[in-house]
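Subject: Structure handover

Hello,

Here is the structure you asked about, followed by notes on what was found in it.

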Amino acid sequence: MKKLALVSAISLAVTGQAMAAAYKLPESSINATALSAAYVANAHGADASYYNPAAMVFSEEQRASMEADVTLVHLTSIDLTNPILGTDATKTEDIPVPSFHYISPAMENMRFGLSVVAPGGLSKRWKGVSKTFAEEFTLELIEINPTVSFKVNERFSIGGGVRAVYSSGVVKSTDQGPIQAGVGISPSRDLAGDSWDLGYNLALHFTPTAKLKLTTTYRSNIDLTVEGDATLSDTVVLPTIRTPASVEIPLPASLSLAAAYDVTPDTTVELVLERTYWSAYETLDFQYPNSIGNYAALFDAPSPKNWQDSDTIRIGLTHQLNPKWTLMAGLAYDETPVPKQFVGYELPDSDAKIISFGAKYNYSDQMTIGAALLYDQKDKLTIPAGVNAEAGGTLAGGATFENAKAYLFTVGMEYKF
């Protein structure tokens, strides 16, 4: 029972269920949290290694720099009203998420970087009858991203790196009553596992004027692959089965177009348009080399997802108040990729509105400390009767998911040496 967590978990949400469309988590530094991730063209600290590696060679700071942060993610309870199942709610979640960034000293026209972040994740646990579909879905993603930057000339640079993503998690579901298609059994599943998978990222950075910066970044699709074991059991008549299993799920590609403009010498505004190619997620299909008998109808049938590409608009404002203090604020509108037809209990996702702010303090010539707070409000999700045929048919009569919110609080320190 060691490897299949990610399998179902990835079809869900994350920390992402309340922070970004589907299972993405783009806030991996003080700057990113404070600016609602509108931090691409104006990336300039150690975290530029992740958000815009091409910009590393244009940093005014010639020394090496590293940043360590911790983000506390608080997910509120989601309330469900369902004419078939009645009312239910998810448990609240508090999740600490660390991150680390480093850029090397300047080396003529080149610079190297390294980031270790959590690009996504999951925690979703229902309290009542919805445990049948999501008693626990927990997903953890860790990305190791070494990068390099090269200055082509005084206005243009390129950058990129390799993305190594480690995935682990837990998937549990336990039948809570006679809602399993009337088959007279009470089935459960218990999965856990991990996986390593590879991708890449690219960046182009252009400064046409002293006040304007333009950037394009691209993160490749990564197919998250898991091979492991699944335990299927029943409290009524079926025997317990332990069998190998495998699945492949995409962590989708994304493209960002960003522009940062210095309104004054102390104030910068940035606009980011982000496209995430969620249409790569068409089907969730478990593969079992051995027969799973009567469990097949419940756990072996391919589950259609048919997600759609989604867009996010981000706006960030950075103001240098004085030599010691930097203030930041951000807004974003995040579009869900999940059509109402395919919404499930694992990811009752909807469009989100985001607001954030933060500050950094130059404690000394070498050390900067800071903190940021982000608030994410998901729209009320109403599924009309007859629209959704997923989740065992229990959403076919319609449902309402509401009060989904997230709070992110990031603290950290940057050190130059």
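Please bear in mind that this is a predicted model.

I begin with the largest pocket. Its lining residues divide into 12 nonpolar, 19 polar and 11 charged. The space in this pocket comes to about 1,100 Å³. In total 42 residues line the pocket, and Asn42, His44, Gly45, Glu60 and Gln320 are the closest to its centre. Two or more lining residues each come from strands S13 (254–264), S14 (267–276), S17 (310–320), S18 (325–334), S19 (352–362) and S23 (405–416). S17 gives the largest share, three residues.

Next, the nonpolar cores. The largest has 32 residues, and those touching the most other members are Tyr288, Tyr295, Tyr345 and Phe401. Strands S11 (222–234), S12 (241–251), S21 (381–383) and S22 (399–402) each give two or more residues to this core. The largest share, four residues, is from S12. There is also a second, separate core of 14 residues, with Tyr39, Ala48, Tyr50 and Ile103 among them.

Regards

Conventions:
Residues numbered from 1 in each chain as written. Predicted model: local features only at pLDDT ≥ 70, side-chain atom pairs only at ≥ 80, totals over all residues. Heavy atoms only, no water. 1 Å grid on protein atoms, 1.4 Å probe; cavity = no way out; pocket = protein on both sides within 12 Å on 5 of 7 lines; lining within 4 Å. Points joined across faces, edges and corners; volume = space filled by probe spheres on them. Nonpolar A, V, L, I, M, F, W, Y, C, P; charged D, E, K, R; others polar. Core = buried A, V, L, I, M, F, W, Y, C linked by side-chain atoms within 4.5 Å. Buried < 20%, exposed > 50% of the residue type's maximum accessible area, 1.4 Å probe, protein only.
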